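Trainee: Please take me through this model by question and answer, and state the cut-offs behind each term as we reach it.

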Amino acid sequence: MIGFGEAIKSFYSQYANFSGRATRAEYWWVALYLCLLYIIPYSFVLGAEMQGEQPSLFWSAILAIIGLVNIVPSLALVWRRLHDIGKSGAWYFIAFIPLVGGIILLVFMLKDSQPFPNKYGYPVGNYDNFNNPPQY
């Protein structure tokens with residue numbers, strides 16, 4: 001199984017790689033990383049707004065930079081995660097359906113990887129025998 005540090009390295013090293021597969025663990029480690037990355041600047045912006053003040057331009061700029069730097073690799077990771085469960089990356093757009101789209105995408109992100117090669121490539125991880133995948 002992929003660890004936190006390895007997931008982050010993979011996230012940035014495959015910056016705009018929309019092909020291949022990404023494990024469930026990789027996806028959720030990166031989701032945790034991004035949440036942690038946003039906490040500090042967002043807390044400063046939100047704290048200022050709750051006090052009725054104008055948020056600092058510095059923290060707002062930091063949030064914008066973090067968002068811009070991570071949007072492409074985030075999309076690529078979701079795309080590869082969808083490939084890992086045997087779906088086309090275009091299923092990402094289901095998230096734009098109000099109310100249910102995000103829930104459906106969340107369910108897809110929670111699904112386990114297909115343990116055999118699919119049209120998007122071999123599974124990520126240690127699998128013993130790629131020459132004889134299970135017949136389903």
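Trainee: Which residues are exposed on the other side of α1?
Mentor: This is a predicted model, in which local features need pLDDT of at least 70 and side-chain atom pairs count only at pLDDT 80 or more, while totals for chains, interfaces and linings use all residues. Residues are numbered from 1 along each chain as its sequence is written, and side-chain values use heavy atoms, with hydrogens and water left out. Helices (H or I, at least four residues) and strands (E, at least two) are DSSP runs numbered from the N terminus, and with a 1.4 Å probe on protein chains only, buried means under 20% relative accessible area, exposed over 50%, and partly exposed in between. On these terms, the exposed residues on the other side of α1 are E6, K9 and S13.

Trainee: Around how wide an arc do the buried residues of α1 lie?
Mentor: The buried residues of α1 are A7, I8, S10 and F11, and what covers them includes α2 and α3. The arc is taken from the directions that run from the helix axis to the C-beta atoms. These residues sit on the same side of α1, because around the axis they cover an arc of only 165 degrees.

Trainee: Which element gives the most residues to the lining of the second largest pocket?
Mentor: On a 1 Å grid over the protein atoms alone, a cavity is a set of points where a 1.4 Å probe fits but cannot get out, whereas a pocket is an open set with protein on both sides within 12 Å along at least five of seven lines, and lining residues have an atom within 4 Å of a point. The lining here consists of Y27, V30, A31, L34, I71, S74, L75, L77, V78 and Y92, and the elements that give two or more residues to this lining are α2 (24-50) and α3 (57-84). With five residues, the element that gives the most is α3.

Trainee: How much space lies in the second largest pocket?
Mentor: The lining divides into nine nonpolar residues, one polar and no charged, where Ala, Val, Leu, Ile, Met, Phe, Trp, Tyr, Cys and Pro count as nonpolar, Asp, Glu, Lys and Arg as charged, and the others, Gly among them, as polar. A volume is the space filled by probe spheres set on the grid points, which are joined across faces, edges and corners. For the second largest pocket, that space is about 180 Å³.

Trainee: Is T23 buried or exposed?
Mentor: T23 is found in the loop between α1 (4-13) and α2. Counting contact as heavy atoms within 4.5 Å, and leaving out residues up to four places away in sequence, T23 touches I2, R81, D84, S113 and V124. Its relative accessibility is 14%, so T23 counts as buried.

Trainee: What is the phi of L99, which is not a glycine?
Mentor: Most residues other than glycine have a negative phi. L99 lies in the loop between α3 and α4, and at 80% relative accessibility it counts as exposed. Although L99 is not a glycine, its phi is positive, at about 70 degrees.
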